[in-house]
Amino acid sequence: MWLDRWSSDPQRTVVWDSHDGWVTGAQLSERAQDVARRLAGVGIVPGDRVLMSGPSSARLVAAHAALMGMGAVVVPLNGAFRADEVRGVVADCCPTAALVEGVGSSGEWEQWIASADPAVLVGDFDVADLESGAADADLDLLAEARLRQPADPALIGYTSGTTGRPKGAVLSHANLLASVRALELAWRWTHDDVLVLTLPLFHMHGLGVGVHGTLTVGARAVLQPSFEPDAVFDAIAEHQATLFFGVPTMYSRLVDSRRAAELSALRLCVSGSAPMPAELHDAVREASGQHVIERYGMTETVMLVSNPYDEPRRAGTVGFPLPGVEVRLDAVPATDQASADEATEILVRGPNVFSGYWERPDANAQSFTDGWFRTGDLGQWDDGYLQIVGRAKELIICGGFNVYPREVEEVIASHPDVIECAVCGEPDPEWGEVVVAYVVAERDFGNDELKDFVGERLAYYKRPRRTHRIAALPRNALGKVRRHELAAETGR
Ligand code: MLC
Ligand code: AMP
């Protein structure tokens, strides 16, 4: 669909980045064809998994379109991942190639990926590095793309999961398309829209919503590789932008800027990936007149629920199920009762919902009930609006990035002076939640020591901001750590 659009209106601009300026459909299409021919030339075939990571750019978008068009399965990864995190994903989905730019430092990623068995080919978004020695294959991307079936896998999104072992959510072309079509309707997204996109392109919010929505609707996007409030305001003015999508931490920073009123030029602001406090909704509205639409989604499902475009948008809720999406509430399975009490879990079904995790029959059996996906989020209805009231899964969301306590606990427990530890999320006005470590240890730790220890082994956003030494971990009768009682152990 993207390729058709680019060839039918080749001179129309599609994405902007600071290196190339506005890039047209013809240019994107030509780049995507080049990339696809070179990848086919080195033997990449439909169904092959290909890792993709790097700063946002038009080149990334073209590479992504090339991979999707030729039937490869894109595996987006955070460039901040450390060796074991990269190896975990590589071992799970066995990619044949990796397109990476500016990730890790001094070629770390290449080493980690190269240590994979069988070897993974590593190139940049132009695949220039893969060119030598291999003849370009004869490939017409548009024709190839038409051979793809809607149910073919298009993308695998990794989540760490409660066991610490990475799980890859396999999304089909049909899943991805269904979600952006629902957003097109719900948010009145048209080809006249210009989105300022500062979200990273290795998660659903930036990629599955921002990029896929823009390309599918035939709209335009200004890509920025990092979030800087002034750059957002400059882009709104320079490109007559109409849309901004962000996580609550971004809105908190925008509203703190003396230029916050400049958000008023936009048609629509959308927030998601983490709960947006009602006070922040109010602050954005007071500063700019914008009434942010809060919506709810997941890697496994792309977008699920959104506050309405026309009817009242309610702070503290995520709104109504998107077109095609069904939502129901169900008792939390007995094993999770300790953390969930009386609350009900959100279950979802629809054409956007993935069919399962990559080669994980165990996780798949637990995640679905009669064809409904169990989100692990706790919810309730409020006058038809869905409220997210907590989580049955052990997850910390910090600045919109997900941190699974178990993964951080395993790293901290490997420290020679730590006897045992527990990690939890504590409320924070800027980040939503921050990661805090509680350790039973041979000695005291300063805050930076375990932060640095974790940072050497896991991506930076998983580092604990604070460390508390306590005498013993609070446990229930079954031996399970009572995370909600941890703070009390420090006497606060
Ligand atoms: C930065 N830091 C973080 C962090 N981001 N720590 C924890 N959590 C985070 N999210 C660290 C930095 O390393 C630094 O540490 C310190 O915090 C200050 O950094 P900063 O310069 O202020 O941060 P910045 O680079 O501006 O990043 C903030 C941010 C970023 C909000 C722009 O976190 C971000 O892009 N978040 C969006 C994540 C996202 O796309 N989520 C969507 C998931 S999809 P030090 O020690 O060096 O000072 C999904 C589905 C759905 O959830 O529903 O959408
Ligand atoms: P991810 O696994 O990165 O896709 O994160 C998905 C999770 O983010 C969901 O299961 C929710 O817990 C959370 N989430 C996304 N949007 C919202 C929102 N608007 N409010 C509360 N939580 C949200």
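This is a predicted model: local features need pLDDT of at least 70, side-chain atom pairs count only at pLDDT 80 or more; totals for chains, interfaces and linings use all residues.
Local features require pLDDT of at least 70, side-chain atom pairs count only at pLDDT 80 or more, and totals for chains, interfaces and linings use all residues. Residues are numbered from 1 along each chain as its sequence is written, chains are lettered from A and ligands numbered from 1 in the order in which they are written, and side-chain values use heavy atoms, with hydrogens and water left out.

Strand β12 covers residues 268-271. Helices (H or I, at least four residues) and strands (E, at least two) are DSSP runs, numbered from the N terminus. Both faces of β12 are covered. Leu-268 and Val-270 lie on one side, Cys-269 and Ser-271 on the other, and all are buried. Buried means under 20% relative accessible area, exposed over 50%, and partly exposed in between (1.4 Å probe, protein chains only).

β12 pairs with β11 and with β13. Pairing requires at least two bridges found by DSSP between the two strands. Strand β11 (residues 243-246) runs parallel to β12, and four bridges join them. Phe-244 stands opposite Cys-269 of β12. From β11, the chain passes through helix α10 (residues 248-256) to reach β12, in a right-handed β-α-β crossover. Right-handed here means that, with the strands pointing away from the viewer, the path from the first strand over the helix to the second runs clockwise. Strand β13 (residues 293-298) also pairs with β12 in the parallel sense, over two bridges. There, Ile-293 of β13 is the bridge partner of Val-270.

Helix α8 spans residues 204-217. Its end C-alpha atoms are only 17 Å apart, whereas a straight helix of 14 residues would span 20 Å at 1.5 Å a residue. The expected span is 1.5 Å times one less than the number of residues. α8 is mostly covered, with 14 of its 14 residues buried. Just after α8, Gly-218 adopts a positive phi of about 85°.

Asp-117 and Pro-118 are joined by a cis peptide bond, with omega about 5°. Pro-118 sits in the loop between α5 (108-114) and β6 (121-123). Val-127, although not a glycine, has a positive phi of about 60°. The loop between β6 and α6 (141-147) contains Val-127. Val-127 counts as buried because its relative accessibility is 0%. Asp-383 is likewise not a glycine, and its phi is positive, near 60°. Asp-383 lies in the loop between β20 (372-382) and β21 (385-391). With 59% relative accessibility, Asp-383 counts as exposed.
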